[in-house]
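Visitor: I have a protein model open and some questions about it. Can we go through it piece by piece?

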Amino acid sequence: MSQPGMKLDSSLDKVPLFTVGWQLSQLPTEAKCLRRESKEPAMNPFQKNESKETLFSPVSTEEVPPRPPSLPKKPPPKICGSNYPLSIAFIVVNEFCERFSYYGMKAVLTLYFLYFLHWNADTSTSVYHAFSSLCYFTPILGATIADSWLGRFKTIVYLSLVYVLGHVIKSLGALPILGGQMVHTVLSLIGLSLIALGTGGIKPCVAAFGGDQFEEKHAEERSRYFSVFYLAINAGSLISTFITPMLRGDVQCFGEDCYALAFGVPGLLMVIALVVFLMGSKIYRKPPPEGNIATQVVKCIRFAISNRFKNRSGDLPKQQHWLDWAAEKYPKQLIMDVKALTRILFLYIPLPMFWALLDQQGSRWTLQATRMNGNLVLNPFLVLIFIPLFDLVIYRLISKCGIKFSSLRKMAVGMILACLAFAVAAVVEIKINEMAPPQPGPQEIFLQVLNLADDEVKVTVLGDENNSLLVESIKSFQKMPHYSKLHLKTKSQDFHFNLKYHNLSVYTKHSVEERNWYSLIIRESGKSISSMMVKDAENKPQTSHKAGTTAVRFVNTLHKEVNISLGADISLSVGEDYGVSAYRTVQRGEYPAMRCQTKDKDFSLNLGLLDFGAAYLFVIANRTNQGPQAWKMEDIPANKMSVAWQLPQYALVTAGEVMFSVTGLEFSYSQAPSSMKSVLQAAWLLTVAVGNIIVLVVAQFGGLVQWAEFILFSCLLLVVCLIFSVMGYYYVPLKPEDIQGPADKQIPHTQGNMINLETKKTRL
């Protein structure tokens, strides 16, 4: 072996340049190379089947002091000796606080629009859904910033500051002393816009950043992390939806409900979320951004398509993939990443249909509950139970049975469970319709008679030929036991009524229209009687679109107008001398002492129990020396079907959500190229927004009865599930070694003028 410092053997000149030139080009100019001398005799350098091993050893012309060996990189701290990095604890707590902040604010947002800004129901609903949709479109912006410019850590921090600022402005907009309605409206819209940018912008980054903390060899632990992450989302949602409405209703500020506090507490939770996230800054793994990757992806796809159509000649060799046509301009790694991206986005195409069903828990299923007896908040509870149940029990049992339960199979089973849930919802809807009061059809009305006179009245309804259509004798302060159906000859018609009271016979005429409910109210008029026709609620009261409500209206027999307070946000006025109020919706419960007021007197009314789904008529009368009292009648009976019948459909759809959503989060991360993980998380969230659009389209243009609409959604998702299963069958999962991380792209580190070279076997 040659010694360091010797000159290069002159026999090196005989080595062909093309065999060693590439190695020489990598050496420093001052380095000398030594060749191991062969003990074999000289031979023709181009002789076949012979080889010589040439070793290049770099030598520095300067004396270099010995360097201490580099210490191995310290592994990140783990949780209790497990493979879970400690950093995910800060991320999960951050997510819990952020979701508490978001859902807590949304829990009182509609009430704020209605009772503080005094918007009507249509405007409030439109702004509410516009805000919700915006929160699912802004993730694309946040993901692009994270992957292309700031990185996930800085994006979360900066957009969390925007998030906090939005909460501050929103809380200021709820202070009654700060300007008028216009100021409150402007501040509210600015605050909501900033909140939508903040929550949507960090949403894809937080989930992906948590996945970044795991090494690829700990993929199983990473999968469970996404389950815990989803658990934190639902825990924050569940707790906040109970607490913030209590802060609004139970705490008074400036003489009314304290919306400023109800918005301020979620804002404080967002500050806590940001502080907790920053506490783990020193132990996070922070992958750097990879440049303007979104622009590169778009340009790469555009160039591949244009190049493919420019070179349609049969003389050119065919490419294995259409993106390979971009190889002449873009690096191979980028093309591989774009291939992975497009394959996953192709799988995402059927996914919005699942969200179209899942998100109806807050709309169609809630309306279904308004027609039942009870009120449930099931989904967040069931999610908290099902996530550990599936992770620790069900998935392990399936694995022990030898069944390979891949991510795509879990998602497909989740779709099937959602299909079954909507089939069950359709059965429940049919059962509710069977128990509900009958509805008037074409050229039909339902009529009841209410006698407020001081003695019995005999009522006869006469037809066009003076034939009797209905005859009833009704005692004082009584009504007919039920509505009677009357048939019309046209869409609208006049009915004649004969009222016999004592020795008097009074004739009167009233106009009615088809498909309506009416009450004929008979009242005293001096020594005689008169009547008035009032249109009743056409169906179960659903004006508030919330479960657990009931409707009331009042008839005032007093000679003075009465103002009635039904709660902190609900009050109404009833005109004097048999004035009739409109229906007002209130929460189910006991109402023992409702405060009432006339010009010169205050009194209270005992309304008793107002049950689920019923519609009540209260007659305010002063018939005793105990002061005005309320006579209670039930226009529409209370719901008889228990809301517990919804439990099976909630259990099925929640199990489907756990299998679909939690698995989809982890799948989106594990299959994404390292440079596009936030973008794919944003694309996953975008499918939620598209699912809501599907619901709006079907609801607006479907024109189906509710049970048929449930069946339609169930069948559509079943078809989509079959398509997704076929797509998943042909999908080849991306292996961890196929995903090039940031570390794989780094250039080997050199120290001074020394460089390590692997021993190469050069065939001579």
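**Salt bridges and surface patches**

Guide: A salt bridge joins the side chains of R553 and D635, with 3.1 Å from N to O. The term salt bridge means a side-chain nitrogen of Lys or Arg within 4 Å of a carboxyl oxygen of Asp or Glu.

Visitor: Are R553 and D635 buried or exposed?

Guide: Both R553 and D635 are buried. Buried means under 20% relative accessible area, exposed means over 50%, and partly exposed is in between (1.4 Å probe, protein chains only).

Visitor: What should I know about the model itself?

Guide: This is a predicted model, where local features need pLDDT of at least 70 and side-chain atom pairs count only at pLDDT 80 or more, while totals for chains, interfaces and linings use all residues. Residues are numbered from 1 along each chain as its sequence is written, and side-chain values use heavy atoms, with hydrogens and water left out.

Visitor: How many salt bridges are in the whole structure?

Guide: The search finds 14. One of them is between R222 and E216, at 3.3 Å from N to O. R222 also meets E666 in a salt bridge, at 3.9 Å from N to O.

Visitor: New topic. Which residues form the negative surface patch?

Guide: D454, D455, E456 and E524 form it. Patches are made of residues with over 30% relative accessible area and no salt bridge; like charges are joined within 9 Å, and nonpolar side chains (Val, Leu, Ile, Met, Phe, Trp, Tyr) within 5 Å. D454 lies in the loop between strand 3 (444-451) and strand 4 (457-462).

Visitor: And the positive one?

Guide: The positive patch gathers K299, R302, K310 and K329. K299 is in helix 10 (residues 293-310), and is partly exposed at 41% relative accessibility.

Visitor: What makes up the nonpolar patch?

Guide: L165, V168, L172, I177, L178, V183 and F254 make a patch of about 610 Å². Areas come from the Shrake-Rupley method with a 1.4 Å probe; for residues, only the protein chains shown count as cover. Helix 6 (residues 152-172) gives the largest share, three residues. I177 is in the loop between helix 6 and helix 7 (181-212), and is exposed at 63% relative accessible area.

Visitor: Back to strands. How do strand 8 and strand 9 pair?

Guide: Strand 8 and strand 9 (residues 504-513) are antiparallel over ten bridges. Two strands pair if DSSP finds at least two bridges between them. N498 stands opposite Y507 in strand 9.

Visitor: What is in the turn between them?

Guide: The two strands form a hairpin with two residues between them, and H502 in the turn has a positive phi of about 55°. Most residues other than glycine have a negative phi. Q443 also has a positive phi of about 55° although it is not a glycine.

Terms used:
Lys and Arg count as positive and Asp and Glu as negative; His and the chain ends are not counted. The place of a charge is taken as NZ of Lys, CZ of Arg, CG of Asp or CD of Glu. Helices (H or I, at least four residues) and strands (E, at least two) are DSSP runs, numbered from the N terminus.
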